[in-house]
Amino acid sequence: MANDKPKLLIVEDDEGLQAQLKWAYDDFDVVIAGTREAALAALRAETPSVVTLDLGLPPDPDGTSEGFAVLEAIMAMKPDTKVIVASGHGARESALDAIAKGAYDFYQKPVDIDTLGLIVQRAWRLHQIERENRRLAEKVGEDRTVLGSMVTAAPEMAKVARTIERVAPTGASVMLLGASGTGKELLARGLHEASDRGKGAFIAINCAAIPESLLESELFGHERGAFTGAVKTTEGKIELADGGTLFLDEVGDIPLALQVKLLRFLQERTIERIGGRTLISVNTRIVCATHQDLEAMIAEGTFREDLYYRLAEIVVKVPTLAERPGDAILLAKHFLARFAAEMNPQVKGFAPDALAAIDSWGWPGNVRELENRIKRAVIMADAKLVSAEDLDLVQIDEEGADLALNLKTAREQADRRMIRQALARSEGNISNTAKLLGISRPTLYDLLKQYDLQA
């Protein structure tokens, strides 16, 4: 059936040549267009893999302006389409312009059906190979997860994940230290799922977001009539997480009086609801996180030292996004695919300036900032490719130079950073990485070995 054949769009205003080409390419489902408007309408409706394009189209059949306008429109709308330009107008100049504008190949008229047919077949096969490569690259991107759902390719984050996987089965209390937005709750959830409590409840509570007067009730629950408004007995989060894991985010914001009660629970594994007189045994694992310096708070007397050592049997430091080379682009692609599917399916990827901006930005808000910018950009984007302007990242912060570094060290750090960024952009493909860096593959392999980097 015709619909099972690959689509070939022939943009040609000569009716005789139209019929000849349609008859010659029996292996394709051929669509004919004789004007710019008809060509772009067919492109939208049929999404052909290959297009043959005559540059001399009405209303400029003796020139090339209309043909080049069609080529530019195709490259903007469907950049992966293979366009074969056929023209007799200033062949050399037209060929150079066509290739520069994104054409796959150029063929000088008069047309030889057999030769052009070979070019069309080759273009279609290349299109299929590239599509399969993109599919495999997307699959590789999906596989770059640790602890079940955290997307990363950075060795710094892989080390954190390995630590958590090792301590997950032990039952030890874990403290995650890191800036806001680095994914501490996601790591805590991954720890829970990797432990023998994975089938139990995972309950998260942000201690900084709840007023002091309510935090005790939230954690320990209350009996009916314990205070004004307590119209029924309510279990606290510690009790609700029995058999599972309770994640205390921003644990440094727990007031001193409540720290005493939490310490008692950790020592005795029993709780007493507000207004209650019965001790309740609870088997809940505590995982906590903070961006504050708890050791400094201990010195100031605002955090109990004995509670700290109960909570921090295992301390894991979570790196910022800026300390995870390549992850910004990897995560940006992950978020874009998710949000585009939900909110704006026409968005297909990032423009080159957007990728450069994502690479260069300092990300003070870490992964949360990146996620929010991608979400907003996908919603607001008018084109298929998200630009740096869509991300509001047009102004790139310049990285401060460390004047104490010698030239050799600075050069090595720059090499490492650029190689990691190029690997991230090309998703680990050695050939594409070498092209991005403007070096040969053997040179890239030598650098990877020299700097102990993995593709």
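S217 is buried, with a relative accessible area of 12%, where buried means under 20% relative accessible area, exposed over 50% and partly exposed in between, computed with a 1.4 Å probe on protein chains only. This serine sits in helix 8, residues 212-220; helices here are DSSP runs of H or I with at least four residues, strands are runs of E with at least two, and both are numbered from the N terminus. Setting aside neighbours within four places in sequence, S217 is in contact with H222, F227, G236 and I274, contact meaning heavy atoms within 4.5 Å.

A word on the model before we go on. The model is predicted, so local features need pLDDT of at least 70 and side-chain atom pairs count only at pLDDT 80 or more, while totals for chains, interfaces and linings use all residues. Residues are numbered from 1 along each chain as its sequence is written, and side-chain values use heavy atoms, with hydrogens and water left out.

S387 belongs to the loop between strand 18 (385-386) and helix 16 (407-425). With a relative accessible area of 17%, S387 is buried. Apart from neighbours within four places in sequence, its contacts are A351, D353 and A354.

Now let us turn to helix 6. This helix covers residues 155-167, 13 residues in all, and reaches 19 Å from its first C-alpha to its last, close to the 18 Å expected at 1.5 Å a residue; the expected span is 1.5 Å times one less than the number of residues. Its buried residues are M157, V160, A161, I164 and V167. They lie on the same side of helix 6 because they cover an arc of only 135° around the axis, the arc being that of the directions from the helix axis to the C-beta atoms. If you look at the face turned away from this buried side, you will find the exposed residues K159 and R166.

In helix 7 (residues 184-194), K184, L187, A188, G190, L191 and H192 are buried. The elements that cover these buried residues include helix 6, strand 7 (150-151), strand 8 (174-177), strand 9 (202-206), strand 12 and strand 15 (285-290).

Helix 17 makes the contact through I430, S431, T433, A434 and L437, and helix 18 through R441, L444, Y445 and L448. By class, this contact has 6 nonpolar, 2 polar and 1 charged residues, with Ala, Val, Leu, Ile, Met, Phe, Trp, Tyr, Cys and Pro counted as nonpolar, Asp, Glu, Lys and Arg as charged, and the others, Gly among them, as polar.

Helix 18 has two faces to look at. L444, L447 and L448 are buried in helix 18. They cover an arc of only 100° around the axis, which puts them on the same side of helix 18. The face turned away from the buried side carries the exposed residues P442, D446 and K449. Of these, D446 has 53% relative accessibility and so counts as exposed.

Finally, the loops hold some backbone details. Between strand 3 (50-54) and helix 3 (65-77) lies the loop with P59, and the peptide bond from P58 to P59 is cis, with omega near 10°. P61 lies in the loop between strand 3 and helix 3 and is partly exposed, with a relative accessible area of 40%.

E250 has a positive phi of about 55° although it is not a glycine. E250 is found in the loop between strand 12 (245-249) and helix 10 (256-268), and is buried at a relative accessible area of 7%. R269 is not a glycine either, and its phi is positive, near 60°. The loop between helix 10 and strand 13 (270-271) holds R269, which counts as partly exposed at 31% relative accessibility.
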